[in-house]
Amino acid sequence: MSFLDSMNISASALTATRVRMDTIAENLSNINVTRTAGGEPYRRKYVVYQEITAPNTNRRFATHFMRARDRIRHPSAGGVRVYEIGEDQSPFKLDYDPAHPDADIDGYVRKPNVEVVQEMVDMMSAYRTYEANITALNAFKDMAVKTLEIGK
């Protein structure tokens, strides 16, 4: 593991967490959308993460050369990335409102499957994840500064 890999790992987590927070914000902003371009109500979206695995640490020169070459192409040697943004397939909520333009024959309107409480819990979890990675970055920075002070 190189000196800056710790920073790259935390940075990848910060990027992935930002995407998660953006997705939560999108869910909350579309909580009352009963008709999208596809004709159905808005479906809640969620983020799926995937681990970025570190390369094999074999000690042969050729392996080190290949790792150095691959690091230029793929700079992160570990961390996390957004694998996909999926759509929650749970059923829509039904609300009785016969005057609504999207009401069916029985007077029910299909509402998005977004729950405010669930989104707020997800937002707090994402915030804590973001905060933990900022703390890790600051610890790395402090260690790097202390290391440079040794040479004085």
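Helices (H or I, at least four residues) and strands (E, at least two) are DSSP runs, numbered from the N terminus. This is a predicted model, in which local features need pLDDT of at least 70 and side-chain atom pairs count only at pLDDT 80 or more, while totals for chains, interfaces and linings use all residues. Residues are numbered from 1 along each chain as its sequence is written, and side-chain values use heavy atoms, with hydrogens and water left out.

**Figure 1. The chain as a whole.** The chain holds three helices and four strands. In sequence order their pattern is α-β-α-β-β-β-α. Of the 152 residues, 26% are buried; buried means under 20% relative accessible area, exposed over 50%, and partly exposed in between (1.4 Å probe, protein chains only). Contact means heavy atoms within 4.5 Å. Among contacts between residues at least 6 apart in sequence, 70% join residues at least 24 apart. The accessible surface is about 10400 Å², and carbon and sulfur atoms account for 58% of it. Accessible areas come from the Shrake-Rupley method with a 1.4 Å probe, and for residues only the protein chains shown count as cover.

**Figure 2. Helix H3.** Residues 116–150 form helix H3, which has 35 residues. From its first C-alpha to its last, H3 reaches 51 Å, close to the 51 Å expected at 1.5 Å a residue. The expected span is 1.5 Å times one less than the number of residues in the helix. The buried residues of H3 are Glu119, Asp122, Ala126, Asn133, Leu137, Phe140 and Ala144. Helix H1 (5–29) is included in what covers them.

Figure 3. Side chains of opposite charge can pair when their charged atoms come close. A salt bridge is a side-chain nitrogen of Lys or Arg within 4 Å of a carboxyl oxygen of Asp or Glu. Arg128 and Glu131 form one, at 3.0 Å from N to O. Both residues lie in helix H3, three residues apart, about one turn of the helix. An α-helix has 3.6 residues a turn, so residues three or four places apart point the same way. Arg128 is exposed, at 51% relative accessibility, and Glu131 is partly exposed, at 34%.

Figure 4. The whole structure has ten salt bridges. One of them joins Glu40 to Arg43, with the closest N and O atoms 3.8 Å apart. Glu40 is partly exposed, with a relative accessible area of 32%, whereas Arg43 is buried at 14%. Arg44 meets Asp88 in a salt bridge of 3.9 Å, N to O. Asp88 lies in the loop between strand E2 (79–87) and strand E3 (93–96), and Arg44 in the loop between H1 and strand E1 (45–52), so the pair ties together parts that are 44 residues apart in sequence. Arg44 is buried, with a relative accessible area of 12%. A network of salt bridges links Arg44, Asp88, Glu119 and Asp122.

Figure 5. Leu94 is in strand E3 and is exposed, with a relative accessible area of 59%.

**Figure 6. Asp5 and Gly78.** Asp5 is in helix H1 and is buried, at 2% relative accessibility. Asp5 and Gly78 are 73 residues apart in sequence, but their C-alpha atoms are 7.5 Å apart in space.
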